[in-house]
Amino acid sequence: MPESSEHTITREQVAHLADLSRIDLSDAELDDLAPQLSVILESIASIQGVAGDDVPPTSHAMPLTNVYRDDVVRPGLTAEEALSGAPEVEQQRFKVPRILGDEQ
Amino acid sequence: MNTPDRRTASAIAEALAAGETTSVAVTQAHLDRIAEVDGAVRAFLHVDAEGALRDATASDERRAAGHPWSPLDGVPIAIKDVLATRGLPTTCGSRILEGWVPPYDATVVARLRGAGLPILGKTNMDEFAMGSSTEHSAYGPTHNPWDLDRIPGGSGGGSAAAVSAYEAPLALGTDTGGSIRQPGAVTGTVGVKPTYGGVSRYGLVSLANSLDQAGPVTRTVLDAALLHELIGGHDPLDSTSIDAPVGDLVAAARRGADGDLRGVRIGVVRELGGEGYQAGVLARFEESVELMTKAGAEAVEVSCPHFVHALATYYLILPAEASSNLARFDAMRYGLRVTPDDDPDHRPSAEDVMRATREAGFGDEVKRRIILGTYALSSGYYDAYYGTAQKVRTLVTRDFEAAFEHADVLVSPTAPTTAFRLGEKVDDPLAMYLNDLATIPANLSGVPGISVPSGLADEDGLPAGVQILAPAMADDRVYRVGAALESLLARGWGGALLDRAPELTGASS
């Protein structure tokens, strides 16, 4: 990838994006991903300028409106079923690692 | 080596109805076939022999009592591992869900159970349906039954290979950018992507919500219609489900089988052919168009100028939606949890655990797409990438609308090439993405499509497919025209294309 390309993703950017995505990428992965993503981005950036300002965006193929249902009690998963795949369980609850920082 | 049960699902259903066989016998025959060849094909991630035979026994009892639940009651089926199955592992081909057993059924699975179809097992796929070859499965690739050194397509290569190798008469797949149709083309089988919203997505582990659609994987067009009618229709549990009847698809397939296409206008999409398409694939496609024309169809060339941008549009929209969807794999409520090495000065936080788990649990392609999607959605880049892609998506849909003013269905080759060799493209993401060139526009616009085997390419003797697309909610057209083409081709061949597949010699090969 030429350094001058406006569609280059740098190693630092990949590290930041991995941080946002909550993935601990290894150094080797960071090295590989930056050039790979730049190639992909360079290729897909071709669509810029294809659509004029007057073209509305499509988020969904079908026209959709909100769907409501009556607010009535229906059978759902039991607590046991809901917890059946949990990595850790305590007192019929999901047991998770600490959420606050060390200093908090 | 036993002879496999090569009958279609509809033939099995007729034999069951006539009392000529039992569901237990049919199910056992397919389990035997799996035991014999799946060591080589590796279509299945999980086989549930006990559950399938239990369901088959119950089916036979219903049949004996004169109360079958559906026309396909007792016909066994395989299910892509992206669909939640209560009591059966569901991994999406990923380490992050290894061993996860869902506490509920996807709606399509519940409908199959309610229709009495024994579930043979779960089929292999690219991790979270990201890929065109099944090589991105964390559990190893599936092999194409036509040539075990080649890919079966993807992401639903397991379902297509299972049906192609006679390990199952029917399977379910999901299609986000071609994951039902492209595997169908390269394994000589039939695959249908229904209209978006026509089949429930509840319990389908989301890759890209606005593109994902579950559908039939079969050996014949009629079998696909039978399965589609069972799984289709409104589902209140899916807010994107269309509240309208699924249509008389079986009747459309039966009507098409007479091969008469008089009055049908077939639009050949100029942009889906030519450069980048293998000569043998194009040759079989052109013959198919000629056959349909001889059968009375009027062929017109249509232009969809924005289709050339569909691939790029897709590879911005899909990673954006996927990066958001896959945030649910947080190591807290289900799935893998990896705790980083203990540091006496720093107890791992939930976020540390999340980062370590996602690093260990996701494969390379999944990480690539999550990072790309996060980038496309980032402040400062959103308008340039994701916003632009959404606008081009509108233009692709307008192209479809214009084309369908001149044609009842659109046709193209399903995939640009036949099955390539395992390993050939796995390290070249862009080359891999090109496999979906012809299938992606339908997902962007939500229209239905089918892939029908069109013959073998001269260069390599491997299967190719023709794709038939119809306007949204006109799924019956893909069945009518698909069945007609299938029937016209079979007359010329003197049988089904799969009859020419090499014999599988089992796991020892």
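Okay, let's start in chain B, where strand S4 (residues 170-174) and S6(B) pair in the antiparallel sense over five bridges. Pairing here means that DSSP finds at least two bridges between two strands. The strands and helices I'll name are DSSP runs, numbered from the N terminus: helices are H or I with at least four residues, strands are E with at least two.

Before I go on, a word on where this comes from: it's a predicted model, where local features need pLDDT of at least 70 and side-chain atom pairs count only at pLDDT 80 or more, while totals for chains, interfaces and linings use all residues. Residues are numbered from 1 along each chain as its sequence is written, chains are lettered from A and ligands numbered from 1 in the order in which they are written, and side-chain values use heavy atoms, leaving out hydrogens and water.

Back to the strands. Ala171(B) has Val217(B) as its bridge partner in S6(B), and Leu172(B) has Pro216(B). Leu172(B) is also the partner in S4(B) of Ile79(B), and that's where S2(B) comes in: S2(B) and S4(B) pair in the parallel sense over three bridges. S6(B) has another neighbour, strand S5 (residues 190-193) of chain B, which runs antiparallel to S6(B) and is joined by two bridges.

Buried means under 20% relative accessible area, exposed is over 50%, and partly exposed is in between, using a 1.4 Å probe and protein chains only. In a regular strand, side chains alternate between the two faces of the sheet. In S4(B) both faces are covered: Leu170(B), Leu172(B) and Thr174(B) are buried on one side, Ala171(B) and Gly173(B) on the other. S6 (residues 214-218) of chain B is largely enclosed too, because five of its five residues are buried.

Next up, salt bridges. Side chains of opposite charge can pair when their charged atoms come close. The cut-off here is a side-chain nitrogen of Lys or Arg within 4 Å of a carboxyl oxygen of Asp or Glu. How many are there over all chains? The structure holds 29.

Take Asp27(A) and Arg11(A), whose closest N and O atoms are 3.6 Å apart. This pair links distant parts of the chain, with Asp27(A) in helix H2 (residues 27-44) and Arg11(A) in helix H1 (residues 11-20) of chain A, 16 residues apart. Asp27(A) counts as exposed because its relative accessibility is 55%, whereas Arg11(A), at 31%, counts as partly exposed.

Another one pairs Glu81(A) with Arg86(B), at 3.1 Å from N to O. Glu81(A) lies in helix H3 (residues 79-82) of chain A and Arg86(B) in the loop between strand S2 (77-80) and helix H4 (107-114) of chain B, so this pair joins two chains.

In chain B, Asp330(B) meets Arg333(B) at 3.2 Å, N to O. Asp330(B) counts as buried, at 15% relative accessibility, while Arg333(B) is partly exposed, at 33%. There's also a network of salt bridges linking Asp19(A), Arg22(A), Glu351(B) and Arg355(B).

Last stop, the surface. Phe94(A), Val96(A), Ile99(A) and Leu100(A) form a nonpolar patch with about 380 Å² of accessible area together. Patches take residues with over 30% relative accessible area and no salt bridge, joining like charges within 9 Å and nonpolar side chains (Val, Leu, Ile, Met, Phe, Trp, Tyr) within 5 Å. Ile99(A) sits in the segment after strand S2 (93-94) of chain A and is exposed, with a relative accessible area of 66%.

Notes. Areas by Shrake-Rupley, 256 points an atom, 1.4 Å probe, with all protein chains shown as cover.
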